[in-house]
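Here is a short report on one protein chain fold. Please look over the sequence and model first.

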Amino acid sequence: MAGAKTAAEWLASVAPDPDACRWEWERNPLGVALLPAGKAWDVLILPGELGYPTLDVLTRILDRPGPVLADSGDNRVGFLVPPGTAARWLGTGIRTVGAGTWIVVPYPGRAGGGVRWLVPPDGSGTLTDPALLELAMHEAAADLAREEPDD
């Protein structure tokens with residue numbers, strides 16, 4: 001599982017104490033660590049009903065999107081995007097996690113504490129391009145609108 005170790009190193013690099021982060025992943029019964037956003041990545045959190053179709057669109061046009069998280073209830077899907085994206089994002093209904101905020105992150109390849117990776121990081125630092133994410137969201141929303149039954 002060299003890929004998970006490389007990905008874990010990449011994620012832990014943003015922690016104030018990377019060793020404490022790794023210890024937290026290993027010892028915390030939930031298997032999660034709290035990491036600061038805004039350093040290596042921001043997160044755009046979509047409602048699950050839009051997030052999953054958006055991920056489907058992205059995976060049709062990209063070999064591999066950037067890392068994507070989901071909560072255990074499938075209510076929210078979080079796309080890791082370049083730092084600074086949260087401060088510039090104007091879309092409504094999308095939660096942004098950027099500089100000055102923290103997010104619960106499971107160890108790559110493992111589910112934990114109500115959060116799991118839909119697309120785990122590979123350690124390369126690959127993130128989802130926000131413009132491409134926005135286009136995928138529009139396409140997913142249009143697909144969903146076409147599927148709505150007429151009243």
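This is a predicted model: local features need pLDDT of at least 70, side-chain atom pairs count only at pLDDT 80 or more; totals for chains, interfaces and linings use all residues.

Residues are numbered from 1 along each chain as its sequence is written, and side-chain values use heavy atoms, without hydrogens and water.

**Sheet.** An open sheet is built from 5 strands in the order β5-β2-β4-β3-β7, with antiparallel pairing. Strands are DSSP runs (E, at least two residues), and helices are runs of H or I with at least four, numbered from the N terminus. Pairing requires at least two DSSP bridges between two strands. Neighbouring strands are turned by 25 degrees against each other on average, direction ignored. Antiparallel β2 and β5 are joined by 3 bridges. V43 has V97 in β5 as its bridge partner.

**Helix pair.** α3 and α5 pack together, with axes 8 Å apart at about 115 degrees. Axes are lines fitted to C-alpha atoms over the stretch in contact, and angles run from 0 to 180 degrees between N-to-C directions. Contact means heavy atoms within 4.5 Å.

| Helix | Residues | Contact residues include |
|---|---|---|
| α3 | 48-61 | L50, V57, I61 |
| α5 | 130-147 | L133, M137, L144 |

The contact residues divide into 12 nonpolar, 1 polar and 4 charged.

**Pocket.** The largest pocket is lined by 14 residues, with I45, D71, R76, I103 and V115 nearest its centre. A pocket is an open set of points on a 1 Å grid where a 1.4 Å probe fits, with protein on both sides within 12 Å along at least five of seven lines; lining residues have an atom within 4 Å of a point.

Terms used
Ala, Val, Leu, Ile, Met, Phe, Trp, Tyr, Cys and Pro count as nonpolar, Asp, Glu, Lys and Arg as charged, and the others, Gly among them, as polar.
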